[in-house]
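Here is a short report on one protein model. Look over the sequence and the structure first, then read on.

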Amino acid sequence: MNRPNFFIIGAPKCGTTSLARYLGGHPHVFVTTPKEPCYFSRSLTTDREQRRSKVCHRTLDGYLHLFDRAKEQHRLRGDATTRNLRCEPALLEIKALVPEARLIVMLRDPAEMVPSWHAQKLHERQEVEGDLEKAWRLEASRRQGESIPPRLKATDAFEYSQVARLGTQVERLLQIFPREQVHVIFMDDLRLDPRGVYLRALEFLGLSDDGRQDFEVHNKRRNSRGGILSAVGLRKSRLPTTTISLQFEDELRRHFVGEVEKLERILGRDLQSWKPR
């Protein structure tokens, strides 16, 4: 009973917190607290964070104890660690432990995802460079150990170009797990039709409709065009922001166009709106 059998594995800033809340409210679903124990993706955890981490982040027994509160009614038990999608060792370990696991992947336009990720890292004080374009251009030197934010929790959190390589990540996932065990949700669809997206997720998990009508957005960001503005709450009214120019937004779209086209081929979805305009 105390073993997981489904996972929301990422990507970050793509609606995973909202979906975890919705599914966690279903009478037959148990989602861990914390939402992201990061056990399988612990290879991405920085040394500093490993020293601070709880046992559930370090040992299989500790991780499985997170499911002790699951009851017989909870037919689906899982966590929502978004690092797992970009961590191949995590996917392989999940496959070894739970070969029949059902996995949910959530995707978003990378040119929206990157500013939102940067704003989140600012909020968590894992990023010290408030200008996203400057942080983006620091990536290469940071890989060489220069200008690393001191409070970093994940070793790749500052690698903005890698975190949003969604096509490559999904392609690798489908080389490890069969397609029928993977359900893909686009954040665009979640915004437009949250109940429809929720019902399709329940169908994938083999669950019946529990009648949920409340689809409040959790961990949300406020966006405006011209370029993109993302804001996160910090100490009540203080809002760190990530603002990018239209020129840099276009640079991001050009950078990720190959990843977007890969997703189109793999998933059979037209993603023209994610490409350079």
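## Pocket lining

This is a predicted model. Start with the second largest pocket: its lining counts 4 charged, 4 polar and 2 nonpolar residues. The space inside comes to about 160 Å³.

Which residues line the second largest pocket? They are Leu44, Arg86, Thr155, Asp156, Gln162, Val163, Arg165, Thr168, Gln169 and Arg172. Two helices, α8 (160-163) and α9, each give at least two residues to this lining. Helix α9 supplies the largest share, with 3 residues.

## Helix α9 against helix α12

Helix α9 spans residues 166-176, and helix α12 spans residues 246-267. The two pack with their axes 7 Å apart. The angle between them is about 35°.

On the α9 side, the contact uses Leu166, Gly167, Thr168, Val170, Glu171 and Leu174. On the α12 side, the partners are Glu259, Lys262, Leu263, Ile266 and Leu267. By class, this contact has 6 nonpolar, 3 charged and 2 polar residues.

## Confidence

How far does the confidence reach? The average pLDDT of the protein is 91. A score of at least 70 is reached by 91% of the residues.

Residues 222-238 need care: their pLDDT is below 50. In the model, this stretch still has 54 contacts beyond near neighbours in sequence. Where pLDDT is low, predicted coordinates should not be read in detail.

Note on methods:
Residues numbered from 1 in each chain as written. Predicted model: local features only at pLDDT ≥ 70, side-chain atom pairs only at ≥ 80, totals over all residues. Heavy atoms only, no water. pLDDT = per-residue confidence, 0-100. Contact = heavy atoms within 4.5 Å. Axes fitted to C-alpha atoms, helices over the stretch in contact; angles between N-to-C directions. Helix = DSSP H or I, 4+ residues; strand = E, 2+ residues; numbered from the N terminus. Nonpolar A, V, L, I, M, F, W, Y, C, P; charged D, E, K, R; others polar. 1 Å grid on protein atoms, 1.4 Å probe; cavity = no way out; pocket = protein on both sides within 12 Å on 5 of 7 lines; lining within 4 Å. Points joined across faces, edges and corners; volume = space filled by probe spheres on them.
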